[in-house]
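Here are my notes on the model, as numbered points. Please read them with the structure open.

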Amino acid sequence: MTITLQFGIDVGGTFTDVVALDTSGRRHYLKTPSTPQDQSIGVLNGVLQMLNRLGSEPSHVQRLAHGTTVATNAFLERKGATTALLVTGGFRDVLHIGRQARPDLYDLRASRPAPLVPRRWRYEVHERSRHTGQIEQTVDADQIRTIVAELRAANVESLAICFLHSYINPENERIAAELVRALAPALPVSVSSQILPEFREFERMNTTVLNAYVQPVMARYIQRLVQRVEEADIATPLMVMQSTGGMMSAAAAAERSVHTLLSGPAGGVLAATHLAEQTGHLNCITADVGGTSFDVATIINGKPAMQTEGEVEGYPVKFPHIDIHTIGAGGGSIAWIDAGGALRVGPQSAGAEPGPVSYGNGGTEPTVTDAHAVLGHFGNDVLLAETLPLDVDQAQAAIHSMIAEPLGMTVEEAAAGILRVVNAGMARAIRLMTVERGLDPRNFVLVPFGGAGPLHSLDIARQLGIGKVLVPVAPGNFSAFGLLVAPIRYDSVRTYIAHGAAIDFGAMNGHLDALQTEIATQLQAEALNLDACRFVRQADLRYLGQSYELTVDLPDDALTPENWPRVEEGYHQAHERFYGFAKESDPVEVVNLRLTGLAEQSTVDMQELEETVDGSSIQPVDEARLFVDGAWVSAAVIERGALAVGQEIRGPAIIRESGSTAVLGSKNLSYVDAFGNLIIELSGDKA
């Protein structure tokens, strides 16, 4: 039988994680240093190293699924394209005016981030459509020619087009885009009626501009990666994770790049969702601790919480995405002392280059990873990610000179302080996603992953009163595994506003059918069998007079006056869950119709393992000094791969595996469940 391999590759700030699934269902894990100068180098390095390890050929690669932060980094670092914008006459300053809400209500100096398109590159076009979609003035072709000539002379790299009411009738945007592409074929053009055909001009314009800003960077990256893959004789097409937790083709990612802004952390949430379904722990909080960031999401009743709008660094965006909150806290986060003499951690990061001091790669500022190393959390003579030895002496020296000595502490106290500070920030991020939204974290299981997730999980759980921590198999590669369980997914939306007797069920069904045809065409372009695809119909609803909506599911069959009350009842229930009350007597208004097309690529089930405990005790591979509860203690070092189902581990202990480490304190008890997950109980463990 020919061996085939499916690859999931997730690029992090420090390491690129690789998971390969072979024909028999076995998973193989690998970490390789990320290459920030060009992520595609690290991606291909990881694939080739795995092939070499398994003795496989490039022709054995059947699937290549990729999670990337290229678009995210281009935006966060403001290294996107020089972008121009075409708008309807009179709407040049929408990006500046925005909404009346202040970033911080009581901060008199609070300011919004500067628009990504400066005013001089915003052009008012002579065209106009009414709110009904009726075109009052067509595009002035001569004006477009003049604008394009100016853009070419100024070497503008990307163009966004956002005309008033184009979500109802995109004709004027289509004409303008065709003119631009004919005059400047090499100029990327992002059109709002294709990127986000929804009402609300500011959000639609800003999302379209964001796409234009990152699209050239993403397109160049995709081109480089595809070229490297082809040169390596790998014939399978590249798929890219999008913010919804679904995969899209490389061509779609290069064109609609804004949908990859949360590509990186989405993979881990998909893996945790898969884990929740398999284990029955349907309410989970995911805690993804990487090299540069800490990402939090919630899974409720087996489904990840989703949003259709949000903010990225103060910029509003509207597109479906997993509800993820990110802060700058990870293994590479730098510890420092502020002007008031207080210990701070992050958001600055040592990244992959030079990395933490203990990497011995030229880093000079102490980081969270260095604090773990100083406190013995990695055991003796450990190789991080299998290849990278840690220099504990250098880490001690850096923490001593830059943190401990200025604060009058011992090195151990300073290192423990670094971890307390960063863990407090992580706990605050989880409270924002739970307590501030009416959710009690004590009713959830904490699922930590990422290379450093298990190291921080117990302290975070204690602070939040969470009684159970579930550490998945290979947590350091968990996000990459999520890429293998993610379906191909495409989403589309159409604005339709009506309530009460004005609701036209025939019109709504027509819009939904048109959206399904559109999505089906995209799925067929991926050579997928539509009979194996699933379509989900949804609507954004609100009480009449409200400004914001909630998304609810619609029945699979046609909407009728008879089944519509069930849809409204679903909205009342969702409103009560989200806001704590419902107003059944108020009319419900339809705002948007949504359709999602899903194509499951493969079934990756976790097999229940046989109970293998025979009464024999666990045999540690080593013994190490561990600083815990304010003192050095002797701790057993245990290789996770040697643990059997049902086996119990009592702290203090260091549980090591490739790519990650978990530390148990003296009061902690852990056991291995039927799927090989490490379950840590904290019911009797007090902070």
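1. A salt bridge here means a side-chain nitrogen of Lys or Arg within 4 Å of a carboxyl oxygen of Asp or Glu. Side chains of opposite charge can pair when their charged atoms come close. By that cut-off, Arg122 forms a salt bridge with Asp93, and the closest N and O atoms are 3.5 Å apart. The two residues are 29 apart and link distant parts of the chain. Arg122 sits in strand β6 (residues 122-125), while Asp93 is in the loop between β5 (83-88) and α3 (94-97). Helices (H or I, at least four residues) and strands (E, at least two) are DSSP runs, numbered from the N terminus.

2. Before going on, a word on the source. This is a predicted model, in which local features need pLDDT of at least 70 and side-chain atom pairs count only at pLDDT 80 or more, whereas totals for chains, interfaces and linings use all residues. Residues are numbered from 1 along each chain as its sequence is written, and side-chain values use heavy atoms, with hydrogens and water left out.

3. Arg122 has 2% relative accessibility, so Arg122 counts as buried. Asp93, at 24%, counts as partly exposed.

4. Look next at Arg200 and Glu549. Their side chains meet in a salt bridge of 2.8 Å, N to O. Arg200 lies in the loop between α6 (192-195) and α7 (201-231), and Glu549 in the loop between β26 (533-543) and β27 (550-553), so the pair ties together parts that are 349 residues apart in sequence. Arg200 is buried, at 12% relative accessible area. Glu549 is buried too, at 13%.

5. Another pair is Arg344 with Asp338, where the closest N and O atoms are 3.4 Å apart. Arg344 is partly exposed, with a relative accessible area of 39%. Salt bridges that share partners also join Glu198, Glu309, Lys318, Asp540 and Arg594 into one network. How many salt bridges does a search of the whole structure find? The count is 30.

6. Now the sheet. Four strands form an open sheet in the order β29-β30-β32-β33, with mixed pairing. β29 (622-628) and β33 (660-664) are the edge strands, and each pairs on one side only. From one strand to the next, the twist averages 30 degrees. Axes are lines fitted to C-alpha atoms, for helices over the stretch in contact, and angles run from 0 to 180 degrees between N-to-C directions. Two strands pair if DSSP finds at least two bridges between them.

7. Four of its five residues are buried, so β32 is largely enclosed by the rest of the structure. β30 (residues 631-639) pairs with β32 in the parallel sense over four bridges. Here Ala636 stands opposite Ala653 in β32. β32 (residues 653-657) and β33 run antiparallel, joined by five bridges. Ala653 has Leu664 as its bridge partner in β33, and Glu657 stands opposite Ser660. The β32 and β33 hairpin has two residues between the strands, and Gly659 takes a positive phi near 95 degrees.

8. Last, the cysteines. A disulfide is a pair of cysteine sulfur atoms within 2.5 Å. The count by this rule is zero. Cys284 is buried, at 3% relative accessible area. Cys533 is buried as well, at 12%.

Conventions:
Buried means under 20% relative accessible area, exposed over 50%, partly exposed in between (1.4 Å probe, protein chains only).
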